[in-house]
Amino acid sequence: VTESIVIEVVEPRMVVVGGDVELRVTYASSAKPHVIWALGDIFASWVVGESTSLQVSETFQHRLTVNTSTASIVILGTTLADSGTYTVILSAVGARPSSRNVTLMVYGERAVA
């Protein structure tokens, strides 16, 4: 019997330019899943519980905090280019891969009159 990995995300997320934002994921799986985050291209991947497996793309190097014991990430110092639809994919041996989208909206500061 193949189990499904159940993923829950909170979305949409909104943040002011320069702020930090957490893309929080909770999941249910009997196995340690492999986590992949993508914004078009893959920018982070790791196996839950294995910090040595962490890989982060150059675009997000030094701007991403990853809790390798979960599937959540924090983007530091957001820019307008960080806006978009993020995809998180979890896969594990003996389980069907599962994915969810999270929309992030980064907006400029409001002018004070």
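**Notes on the model**

1. Histidine 62 sits in the loop that links E8 to strand E9 (64–66). Please keep in mind throughout that this is a predicted model. Although histidine 62 is not a glycine, its phi is positive, at about 70°. Is this residue buried or exposed? Histidine 62 counts as exposed, because its relative accessibility is 74% and the cut-off for that class is over 50%.

2. On secondary structure, the chain has 13 strands and zero helices. Read along the sequence, the pattern is therefore β-β-β-β-β-β-β-β-β-β-β-β-β, each symbol standing for a DSSP run.

3. Six of the strands form an open sheet, in the order E3-E13-E11-E6-E7-E8 and with mixed pairing. Its edges are strand E3 (13–16) and strand E8 (50–56), each of which pairs on one side only. Ignoring direction, neighbouring strands of this sheet are turned by 20° against each other on average.

4. At the E8 end of the order, the partner strand is E7 (residues 41–47), and the two pair in the antiparallel sense over three bridges.

5. Strand E13 (residues 98–107) contains serine 98. Leaving aside residues up to four places away in sequence, serine 98 touches Ile5, Ile7, Val88, Ile89 and Leu90.

6. For the chain as a whole, 33% of the 113 residues count as buried. Taken along the principal axes, the C-alpha atoms fill a box of roughly 60 × 25 × 20 Å.

7. On contacts, consider pairs of residues at least 6 apart in sequence: 53% of the contacts between such residues in the chain join residues at least 24 apart.

8. On charge, the chain carries 10 negative and 7 positive side chains. The centres of these two sets lie 6 Å apart.

How values were computed:
Residues are numbered from 1 along each chain as its sequence is written. This is a predicted model: local features need pLDDT of at least 70, side-chain atom pairs count only at pLDDT 80 or more; totals for chains, interfaces and linings use all residues. Side-chain values use heavy atoms; hydrogens and water are left out. Two strands pair if DSSP finds at least two bridges between them. Helices (H or I, at least four residues) and strands (E, at least two) are DSSP runs, numbered from the N terminus. Axes are lines fitted to C-alpha atoms, for helices over the stretch in contact, and angles run from 0 to 180 degrees between N-to-C directions. Buried means under 20% relative accessible area, exposed over 50%, partly exposed in between (1.4 Å probe, protein chains only). Contact means heavy atoms within 4.5 Å. Lys and Arg count as positive and Asp and Glu as negative; His and the chain ends are not counted. The place of a charge is taken as NZ of Lys, CZ of Arg, CG of Asp or CD of Glu.
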